Amino acid sequence: MDRDRDWFERDVLERFIRYARVHTTSDRHSMSNPSSAIQFDLARMLHEELEAIGLSDIYFDDRCFIIARLPGTGDKADAAPIGLMAHIDTAPDTSGEDVRPVVRKAYDGGAIDLGDGHTLDPEVYPTLTRYIGDTIITTDGRTLLGADDKAGIAEIMSAAAYLVEHPEIAHRPLELIFTPDEEIGRGMDGFPIHELKSPYCYTLDGSLEGTVEAECFTAYAARIELEGYVIHPGDARGRMANAVTMAGRFLSMLPGAESPEATDGRYGFYCPVEAHGDYGHATVDLILRDFEDSIVQRRIAALEVFARAVEAAHPGGKVTVTTRRQYLNMRDRLSERPEIMRSLEKAIRATGMEPVRHSIRGGTDGARLTELGVPTPNMFTGGQNFHGRYEWIPLSAMVRAIKTVVNLAQIVE
Ligand SMILES: [Zn+2]
């Protein structure tokens with residue numbers, strides 16, 4: 001397949017730049033589905049390109065979900081399909097409008113002046129030095145790049161185009177799945193699961209090449225409502241319960257050692273994400289994360305204890321805690337089906353890399369799909385420094401992701 005490297009490089013680079021230029025930022029404050037209509041601009045482009053590649057069985061709905069089917073070939077034509085999934089939106093944390101990717105050939109190992117006063121420095125991001133001499137793609141310093149997850153989309157599209165052009169490669173049927181709103185945690189809301197034929201899928205939404213992820217956080221959101229007792233401040237002695245003060249007391253009870261700022265690796269956290277209110281009423285939103293559900297449950301129980309303690313300190317005030325599960329660690333479901341990871345690791349080895357298992361300190365759409373009964377681990381795209389202007393991706397890693405997908409399509413366990 002090495003003689004095809006030029007084809008892969010050209011094809012995936014063109015696609016990636018084309019997709020990265022389309023503004024697809026999702027909007028966490030919007031109630032519509034998808035959260036931003038601009039995501040259709042890329043979805044429509046993908047729909048046309050899927051047809052141009054030669055795929056005719058394409059589901060594309062008004063919520064911006066695409067499932068395109070590539071029939072299997074040769075002696076693998078009748079095997080069960082596998083799904084390959086990537087998300088259309090980019091994170092709202094940094095502007096994704098008017099993205100102008102910069103292709104830098106033969107990277108020399110030095111600090112890169114991105115433009116707009118920003119430098120991508122290998123002293124800060126040492127992964128860069130693994131790609132000296134390689135072509136890398138960066139931002140121009142003004143926006144994010146959107147390698148998360150347009151690299152995943154481009155890699156899936158290139159792999160499909162390659163398989164169509166090479167009917168001599170016997171492969172199982174594939175479903176290419178593109179979804180909106182992953183970055184705001186709503187990517188699986190309304191997902192047309194009945195349209196999906198694959199018993200399991202893979203998301204291409206990871207980072208460093210070679211990494212595979214079969215584990216993510218278990219995630220809950222908590223809302224704390226603090227009800228004060230309002231009376232004129234001049235007459236308040238012994239009577240007022242100030243909801244703002246109560247919120248401050250509540251926040252001060254969160255253990256600092258279990259905050260995102262103080263944890264990494266396998267340690268989870270409480271993280272306040274939003275607070276507002278006045279002395280009559282205040283609201284605090286938190287997220288709770290851990291790899292073990294039992295520890296998240298312990299944190300939920302602790303929130304109740306803090307709520308009672310705040311009430312005790314502020315007679316007349318009332319504190320309520322409501323929690324909502326966002327996604328579950330996919331580890332347990334995936335460990336029931338070891339062949340899913342085995343195939344992926346085999347495909348990575350066939351590409352000439354040693355797979356590296358990694359645990360996601362976050363979640364993916366695959367985690368939610370796994371909960372819906374379709375086990376879906378995550379694999380690398382090659383992209384680095386997601387969600388900001390320092391995002392970059394090496395072309396060689398994208399090619400290895402495509403090759404991994406092409407190899408994966410040929411494995412039937
Ligand atoms: Zn992503």
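Predicted model: local features only at pLDDT ≥ 70, side-chain atom pairs only at ≥ 80, totals over all residues.

User: How many residues of domain 1 and domain 2 are in contact, and what area do the domains bury between them?

Analyst: Contact is judged on heavy atoms within 4.5 Å. Here eleven residues of domain 1 touch twelve residues of domain 2. The buried area between domain 1 and domain 2 is about 930 Å², with 40% of it on carbon and sulfur atoms. Of the area that domain 1 buries against domain 2, 53% is supplied by N329, R361 and E371, more than by any other three residues.

User: At what angle do the axes of helix 4 and helix 5 cross?

Analyst: Angles over 145 degrees count as roughly antiparallel, and 65 to 115 as roughly perpendicular. The axes of helix 4 (residues 243-253) and helix 5 (residues 293-313) come within 10 Å and cross at roughly 140°. Helix 4 is therefore oblique to helix 5. Their crossing is right-handed.

User: Which residues of helix 4 and helix 5 meet, and how many are nonpolar, polar or charged?

Analyst: From helix 4, M246, R249, F250 and M253 take part; they meet L303, F306, A307, A309, V310 and A313 of helix 5. By class, this contact has nine nonpolar residues, one charged residue and no polar ones.

Notes
Residues numbered from 1 in each chain as written. Heavy atoms only, no water. Axes fitted to C-alpha atoms, helices over the stretch in contact; angles between N-to-C directions. Helix = DSSP H or I, 4+ residues; strand = E, 2+ residues; numbered from the N terminus. Parallel < 35°, antiparallel > 145°, perpendicular 65-115°, else oblique. Left-handed = near helix turned anticlockwise from the far one by under 90°. Nonpolar A, V, L, I, M, F, W, Y, C, P; charged D, E, K, R; others polar. Buried area = accessible area lost by both parts, 1.4 Å probe.
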